[in-house]
Structure formats: C-alpha cells, structure tokens
Amino acid sequence: MSEIVIKNIVKEWPGVRAVDNVSFKVEESTFTILLGPSGCGKSTILRMIAGLESVTSGSIHINGEDITKTDPSNRGISMVFQSYALFPHLNVKENILFGLKVRKAPRKLQRIRLQEAVEMVGLSEYLERKPAQLSGGQRQRVALARTIVSGQSICLMDEPLSNLDAKLRAEMRDEIKSLQQQLGLTVLFVTHDQTEAMTMADQIILLKDGRIEQSGTPYDLYSSPSSIFAARFIGSPPMNIISPGDLGVVTKSNAGNGKVLLGLRPEVIAVGDNTIKGPEMEVAGLDYLGSETLVHLVRGESRLIAKLSGECELKENETVKIHWPASAEHYFNHNEIRPGQ
Amino acid sequence: MHQIFSRQSIYGWLLLLPAAILLFAFTYYPMAGTFFDSIFNEGSGSLSSRYNGPLNYQMLMIDPVFKTVLINNAIFALGTIPVSIGLALMMALIVDQHFLGRSLVRMAFFTPTVLPMIAVANIWLFFYTPDIGLIDSLLAFFGIEGPNWLGDPDTVLSAIIVMAIWKEAGFFMIFYLAALQTISPELKEAAKLEGAGKLYYFRRVLFPLLMPTTLFISINAVINSFKLVDHLFILTKGGPDNASNLLLYHIYETAFSYFDQGYAAALTVVLLLILASFAIVQFFFFDRRIHYR
Ligand SMILES: Nc1ncnc2c1ncn2[C@@H]1O[C@H](COP(=O)(O)OP(=O)(O)OP(=O)(O)O)[C@@H](O)[C@H]1O
Ligand SMILES: [Mg+2]
C-alpha cells in the first residue's frame, strides 16, 4: 500500500498563507495532479509532503502512518524536480545510482537496478555522459531513471515538463504516464498546464489561493465545474461566461435560484445563418487553427468564443445566429465574479 | 601564411593591437629587460655595462640568504595557503546559510580583506608587541610569560603566517560564497531525499562542484604568498637574522638597499619562473580532474 493522505495542512510564512487548510487523498497506484495558477501553493504542498518544507499545522500520512515530522529520506518517496536536480559533475550512471550509493546498496543490486531503469527510459547509450552533454528530454529521463532506481512507490513531480518544448512535452507525458502504470507508482504531479492535467490525471485537485477549489476526475471537472474559476481554468479556450439577458435569451427555469450567469463551452456553440434558432451576434474575428477555427462573437457588452471544427465560411463583421443544446448550459452565481474573470 | 595576412585577420590583429602594445610595454618588455639586466653588469659612472654571463646565477647558488628566503617562502606558502583556503570555505559555508545577523557576520569575515596590508601589520604589531601587546598581556593574565613573537627567530615566521591567514581568508571566502550561490538548492534537496547527510553531500557534491573555485583561489594564494611582503616593512624587515625574510623582500633589499641591480634581476627571474611553473602545474595537472560546467 502506498497512499498519501493530507489532513488540514496549513503553511504560513510571515505575511503569507500559502496553503490554507488543504485536505485530500491520493489513492495507491493512481496519478493525481495538483493544478492551479502560479502562486497558488502547489509546490509548497508538494515540498511539505517531501519534507523539504515544514508544516505550520495539519498532518501528512503515508500508508496510514503520520510522517509529518519524519526525515525526508525516510518517507518512502522520490521526487523529480522542475530543473531535474542532476549533479552536474557526475555522469548519467553516477547520477542515477546516487541514492543507492548513499544507502550503500550492494553493487550487484546497483547494477541490476541501473540496467532495468536505463532500459525503461532508453538511456543505455548515454551512461558516461555528463548532464551538460544531454538534451532537455534526456535529462528528464535521467531524473525519471533516478526515481525508478530508488524503488520508492511514491513519486512527487514538480512541473517536470515545463522546460521542454511542446512536442517533447507531449512525448514525455505519455512516457511518464505509461511508466506510472507499468510500475504501479503513486504519483502526485504539479502543473499549471490544464492539458497536462486532463491527459494524465486520474484525479485532479484544482487549487486557488492556497485552497482547494474543486477536485475530481478530469471528466468531473470538465463536465460539472463548481465555480467560474474551475470552469475557466479547465478547457481551452476557456468556457464563455455571459449574462443571458444581454443576449436576449430566456434561460431554463432552474436559473431562478440566484444563478444568473450562463456558462457555455466554446465547442458546444453552433454558428449558422437565419435557418437556426437563437440570438444574433456579429463575427469580430477568426482564429484559424487548422483542424478547427475559433470564432470571436460580440453583441453589445457580451463576447463569446465558438470553436468550430473543420473549415469555416464565416467572414468578419458578418451577422450570424448561434445555437447550443440546453444540456450544455452551466449556471453560476453572479457574486462569484471577481475582477479579472 | 595567407591566413595570417588575409584581410579579415589584419582587422583582427589591428583590433588586438592596443592590448598587445600595452601588454608588451608593461609586461613582456620589462620581463625581457629584467633578464638582460641579470646577465649584464650594471654600468656605473665611467664604466659601461658589460656581459658577465651567468655570474649572477652562480651567485644564487652560494648565497645563503637566497636559500633561507626560499625555504621561508615555502614555509610561508605551505602555512598560509591550505589553512586560509580551508577557513575561507568554512566561513563561506557558514554565511551562505540563513540566520539572523548574516550580513553582519559576512562583513566581519570580509573586513580584514579591505584593510591595507600596512594597516593590518600595524594592528598585529600591537597584538605581537612583547610584554605589553595583546597576546602577551592575555598570557600574562594566566601567569604565562609570552615570548617576543616578532623578535624570536623561532616564532617570527609563524606569527607572520597567522597574520597572513587572517588577512587572506576573508578574501577567498568571497569567491567561495559567489560559487556557492550559483549551486542550485535543488541539488541539496535531491541529495537529502536520497538520504545523503550533510557530510556526504559536502564530500560528493559540494566540494567537487567548488573545485574550479578552489583551483582559482589556490593559484591566487600561491601568487600572493610570493607577492605579499608589505607587512615585513612594518613588522620585521625580514629579521631577526632573515628568519622572516621572503623572496620578494630580499629582491627589494638587494636592489634598493645594496644597489645590486644585476643580482636583484636574477632573483626576479627566479621568482617569475617559480610563479610560472606553479601556474602551469595547476592548470594542466588539476584541470583534467576538475569539473567545469
Ligand atoms: N520561502 C518562502 N517564503 C515566503 N513565501 C513563500 C516562500 N515560498 C513560497 N512562498 C509563497 O507561497 C505562495 C505559494 O508558492 P508556491 O511556490 O507553492 O506556488 P506554486 O503554486 O508552486 O506556483 P508556481 O506555479 O509559480 O510554481 C506564493 O505566494 C509564494 O510567494
Ligand atoms: Mg511551483
């Protein structure tokens, strides 16, 4: 068993409450992602679990054991850092074996583990190289190999893909995910990239200002966001939030209980000529993305983005009608709006 | 040949020219001049200078003072360099940590460096003064009669070594501190997670990563140990009985007290050779095992 349970942890620095009463559970052999904007406390939570940062209050449990005050090396975790934390003076092999050497593992075991790990991440040809002689992706693999070799079943990763270019990032995403499944690792992964979160996670924990905004599976967060923040953070481009009145549409009856803002994902909006039924809007701009086109629509103060697949015949300044299925409507409270949303 | 005189390379040479002229005028020309001086007799009055071959160098062999200053300088170098580098590293490690009053401690460690050597010598003269000096007064408090630190051939060189360490360590600390701050804190955290203790981390990670700095500092330290003689003017004038005399001070005395320019030039050539060979050994020998980023 290797599950992580966080109970009411708080982290305060003078004048900052970086983590505010956060509780969650990471099930064994699952992939959990801590997602949130910059400065919301993701790294701080991860570092507290690793033992690199002390906890102001609350407790951390691994396998049912309270490890809040245990030494980092005895928590049974490994960690992949954002800049990989490779030792620049050691070659790949020595970097990978660093932990086993510290723990004075028998040479034979070192050799076997090294062999395994190196094959898994495809580094066999680079064992004698120094980190400076590796590409970003290869360095990333060394860091992963170090985790594999450590034999720990829990792995914490702090934005490990953020230094890679888009293509490599997608590749490493798959690689990390398959590694996790292959080894049955319990992974807690920090990112501010919602695509990463959606593609990799079994569970997403969405944070905002040191608190959990919403948690659940990627499907949960996408299909039923509990707040405007959650709605706009997940999905690209973000969900449109509009006042139904501005568009001159009558909303469903359940809009009566104080929820007066309408949320529509760009991909549910259909755009057409007078033959379809719905409010009229003007095309303010078009972003052609190849397989799809983003249509910017305006009407008075209201702005919408619709995502249309395939080619699109629309022109700027054209007046169109839009339509969406009633089942795709989300409703939010007016008072949830804060500046910047 | 055409490469040297191609249009491009002429530009290159022209760009180098100002630096080359300065280097030549103030470094290589005097070096060559020194060498010529060392093999010619000083012309004085009606006598013109004339070639006297290796005479000055033969004199080196039989000059007992030369032997003494060489040995003294070796002791001085061996006494100051490892200790001041070790101390510098220790101080840097201390002030690299976060604690209250860190800037104050940093400044305290660095202060001796900013003081001119002459001022330092004056301070230490007060420490070392027999009977009424700080050290002897302290010893007297415990009923011990302190020696005449600077007047006794047995203690004078050690006394000067201690002072030089005090002066140098803070300077070297700055280099270590700068190097430490370029090392990512993630390395320490990664090592910690793997179970590496402080000592292991220092031995296997920090120290190797500081090697380039150590090399740089040690070259500087060697040069300094031959170059720093200001304090001798204040404290001992090389005495008693040459017990604290160092090579450069001996050169100064030979040239400006005994007015033997030719012999002083020969001594200078020896000094240059010593320094050059140290630099070469350090660069070519250590360079290979040192990790450079
Ligand atoms: N050592 C520290 N002292 C004081 N405040 C800190 C410290 N470390 C972090 N903070 C503050 O805590 C908050 C959370 O920081 P944290 O590094 O956890 O953010 P993050 O979610 O990882 O952001 P990013 O995505 O930019 O890495 C920030 O407001 C930050 O300024
Ligand atoms: Mg972070």
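Colleague: Which residues point one way from S3(A), and which the other way?

Modeller: Phe31(A), Ile33(A) and Leu35(A) point one way from S3(A), with Thr32(A) and Leu34(A) pointing the other way, and all are buried. Buried here means under 20% relative accessible area, with exposed over 50% and partly exposed in between, using a 1.4 Å probe and protein chains only. Because 5 of the 5 residues of S3(A), residues 31-35, are buried, the strand is largely enclosed by the rest of the structure. Strands (E, at least two residues) and helices (H or I, at least four) are DSSP runs, numbered from the N terminus.

Colleague: And what should I know about where the model comes from?

Modeller: This is a predicted model, where local features need pLDDT of at least 70 and side-chain atom pairs count only at pLDDT 80 or more, while totals for chains, interfaces and linings use all residues. Residues are numbered from 1 along each chain as its sequence is written, chains are lettered from A and ligands numbered from 1 in the order in which they are written, and side-chain values use heavy atoms, with hydrogens and water left out.

Colleague: OK, back to S3(A). Which strands is S3(A) joined to?

Modeller: S8(A), residues 186-191, runs parallel to S3(A) and is joined to it by 5 bridges. S9(A), residues 203-208, is also parallel to S3(A), with 4 bridges. Pairing needs at least two DSSP bridges between two strands. Leu34(A) stands opposite Val190(A) in S8(A), and its bridge partner in S9(A) is Ile205(A).

Colleague: What does Met200(A) touch?

Modeller: Leaving out residues up to four places away in sequence, Met200(A) touches Phe31(A), Ile33(A), Arg173(A), Ile176(A), Lys177(A) and Phe189(A). Contact means heavy atoms within 4.5 Å. Met200(A) sits in helix H6(A), residues 194-200, and counts as buried at 1% relative accessibility.

Colleague: Which residue stands opposite Cys155(A)?

Modeller: Ser78(A) stands opposite Cys155(A), which is in S7(A). S7(A), residues 154-158, pairs with S6(A) in the parallel sense over 4 bridges. From S6(A), residues 77-80, Ile77(A) and Met79(A) point one way and Ser78(A) and Val80(A) the other way, and all are buried.

Colleague: What about the antiparallel sheets?

Modeller: One is an open sheet of 4 strands in chain A, ordered S2-S1-S4-S5 with antiparallel pairing. S2(A), residues 16-26, and S5(A), residues 65-66, stand at the edges with a single partner strand each, so one side of each is left without a neighbour in the sheet. S1(A), residues 4-13, and S4(A), residues 57-62, pair over 5 bridges, and Val5(A) has His61(A) as its bridge partner in S4(A).

Colleague: What lies across S1, S2 and S4 of chain A?

Modeller: Helix H1(A), residues 42-50, running at about 115° to S1(A). Axes are lines fitted to C-alpha atoms, for helices over the stretch in contact, and angles run from 0 to 180 degrees between N-to-C directions.

Colleague: And the sheet with S13(A)?

Modeller: That's an open sheet of 5 strands in chain A, in the order S13-S17-S14-S15-S16, with antiparallel pairing. S13(A), 270-272, and S16(A), 302-309, are at the edges, each with a single partner strand, so one side of each has no neighbour in the sheet. The twist averages 45° from one strand to the next. S13(A) is joined to S17(A), residues 319-323, by 3 bridges, with Ala270(A) opposite His323(A).

Colleague: Last topic, the interface. How much do chain A and chain B bury between them?

Modeller: About 1800 Å², 68% of it on carbon and sulfur atoms. Buried area is the accessible area (1.4 Å probe) that two parts lose on being put together, summed over both. Pro88(A), His89(A) and Phe98(A) supply 29% of the area that chain A buries against chain B, more than any other three residues.

Colleague: How many salt bridges across it?

Modeller: The rule finds 1 across the interface of chain A and chain B, where a salt bridge is a side-chain nitrogen of Lys or Arg within 4 Å of a carboxyl oxygen of Asp or Glu. Glu189(B) forms a salt bridge with Arg47(A), their closest N and O atoms being 2.8 Å apart.
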